[in-house]
Amino acid sequence: MNLRAYWRFLLVSWQFFPLVIAYARDRNRFLLFGRSRQVSSARRRKRAATLLDSLLTLGPTFIKLGQLLSTRPDVLPPEYIDEFSKLQDEVPPADWADAEEVIESELGPVDEQFADFDRTAISGASLGQVYLARVDGQQVAVKVRRPGVEELVEADLRVIRWLLPLVMRFVDDSRSFSLETLADEFGKTIRQEMNYEREGQMLQDIRANFDGNDAVQIPAIVESHSTERVLTMEYVEGTKITDTDRLDEYGIDRSELAERLQRTYMQMVVDDGVFHADPHPGNLAVQPDGTLVLYDFGMSGYVDQYVQDHIVDFYGAIARQDIDAILDALIEMGTLSPEADREVMGDVMELAIADARGQDIEQYRVQQIIQQVEDTIYEFPLRLPSNLALVLRVATVVEGVCVTLDPDFDFISVATDYLREEGYIQAGVREYLTDRGQELTDAAQASIRVPPKLESALDRIERENLHVQADIEDSDDHFDRLARRLIYGMWGAAGAVSTAILYAFEELAIAAVTGAATVVVLALLYWSFRGRRGIRAQPQFTRQRLRERESENAMGFGDVGANDSDTTEFDAHADTERARADSDDGGHSIPVSDGASDEETDPRS
């Protein structure tokens, strides 16, 4: 195992070496020294595409790692999330002889255990492959773990642990915790996905929750032919859910199907607490009578009651556009720190909802909201609990499938109707009266608490015993920079006077030393002004910036092959325009950075 891990370490290092050099140059332009450089969205997208190719080359473990990273906007920038979302682990199946060895070691001779077995795999994935067979007259699908994948995964997990300290050098402290927890989470997740006994149990739990629902079908497990490495289940045929032409031939109402799909996942997440976490179109099918079929439960998860309650609160708050309630739900779920600036985060939520909604409150899509919030999660950055990350991914993917079926599909409206029908949120007059009653209660409590406090404050003012304490927040170190310049200036002036006096008294040697020291001090003073013109604010994040980023991503704005100077020149111009736009936007702006400090994101670098 160690020898294999060392060999994999060399392969992984070779694949990632060009990107490591690029990231190192972001911190120091000349690797060991030099100013940092700003990275444009186009360049990040190009790097993400390169990293995606490397993950595919390195095989199963790193493909799964990329899939997990695509659910973690608190770890990666949006450009990487977009690229990694394209990852599908469909790979050519292993040779039949290797797969047969796995089956026979788990079940016994293939011809004795199965009445018929098609030796050609119908699908291949990074961790397993599927064959058609027949047991007791029933057609079944046999999922076999890919031969030798256990040893490869364990070696790669060891390599990831070795590489983690190096990766931590390229991220700030606020994201280091997320990376460490992500490494632990990934090891647990991929081992669970390789355990077909767990997958079978998750499948049975979810299937039991839909017992009696003829509109949803989940394959049954054939327990006599299932083990930790082989999973045999009922073969259920269906048409891929995004094959809209075939669905139209069947005469299926696609709007109704989209709503049923959304309600199915709402039931799993909100009601049942156990959900299918990989709802991409390849795992969703439709039968000619409109029955929805779910496949592949290797990626599944649990949602505890506490998180379920706050997911309901989150949906309800979005429907009401109650910004404070949205922030409270995020804090309770552990996504947003209680110490976060609520005013800033409130502005972000307002921008996200305002950008996402249409003509009226119900005509906006949750995917647009989630994409905006994901951007914010990375930039602030926030922590995203693992199960909540899966829920976020499920909501995004399901909404995308629903919109493919019905371009006018309203995700929030369906979710709100579902929650009201199930009694999670109150509707109509009752909800209005409850809200107003709570407001009256709060007002009455405030009317009792405020007068004594006001009287106490007035008494202190009358006794001239009122003290006001003010803390000046200088997150960009403007005062430190100003103080350094003053000190450099005083030293420079004193050095110049001293050099002149010594030179006048013909103390040339000493004058040369003080003169040289003065030149160094003046050079430092000059350098402190060179990086920026005076003290100015960091570029701001506004509604205009949101649209600019969307258009950049859609149009590939900027030359991805541009050299550093070209990219820097474009970024400097864009930052200037954004700052000008912020001043025209009434001051409602949010500072943002790309994981670098204020010094590091200077456009002139």
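Begin by selecting strand 5 and strand 10 (residues 292–294), which run parallel and are joined by two bridges; helices (H or I, at least four residues) and strands (E, at least two) are DSSP runs, numbered from the N terminus, and two strands count as paired if DSSP finds at least two bridges between them. Within this pair, glutamine 217 has valine 293 of strand 10 as its bridge partner.

This is a predicted model, in which local features need pLDDT of at least 70 and side-chain atom pairs count only at pLDDT 80 or more, while totals for chains, interfaces and linings use all residues. Residues are numbered from 1 along each chain as its sequence is written, and side-chain values use heavy atoms, with hydrogens and water left out.

Now widen the selection to the whole sheet, which is open, has four strands in the order 5-10-9-7, and shows mixed pairing. Strand 5 (216–217) and strand 7 (239–240) stand at its edges with a single partner strand each, so one side of each is left without a neighbour in the sheet.

Select leucine 261 and ask which residues it touches, not counting residues up to four places away in sequence. They are Ile241, Leu284, Leu292, Val398, Val401 and Cys402, where contact means heavy atoms within 4.5 Å. Leu261 is also, with Ile241, Phe275 and Leu294, among the residues with the most contacts inside the largest nonpolar core, which has 67 residues. Such a core is a set of buried Ala, Val, Leu, Ile, Met, Phe, Trp, Tyr and Cys residues joined through side-chain atoms within 4.5 Å, and buried means under 20% relative accessible area (1.4 Å probe, protein chains only). Helix 16 (residues 386–405) gives the most to this core, with nine residues. Apart from it lies another core, of 30 residues, among them Leu58, Ile63, Leu127 and Phe186.

Move on to helix 2 (residues 41–58), whose 18 residues reach 26 Å from the first C-alpha to the last, close to the 26 Å expected at 1.5 Å a residue (the expected span is 1.5 Å times one less than the number of residues). Its buried residues include Arg43, Arg44, Arg45, Leu51 and Leu58. Select glycine 59 as well, which follows helix 2 and has a positive phi, near 100 degrees.

Strand 3 and strand 4 form a hairpin with two residues between them, and aspartate 136 in the turn has a positive phi of about 50 degrees. Strand 2 (residues 123–124) also pairs with strand 3 in the antiparallel sense, over two bridges, and serine 123 has valine 130 as its bridge partner. A hairpin of three residues joins strand 2 to strand 3.

Finally, show the whole protein chain, which has 22 helices and 13 strands, and of whose 605 residues 46% count as buried.

Definitions and conventions:
Buried < 20%, exposed > 50% of the residue type's maximum accessible area, 1.4 Å probe, protein only.
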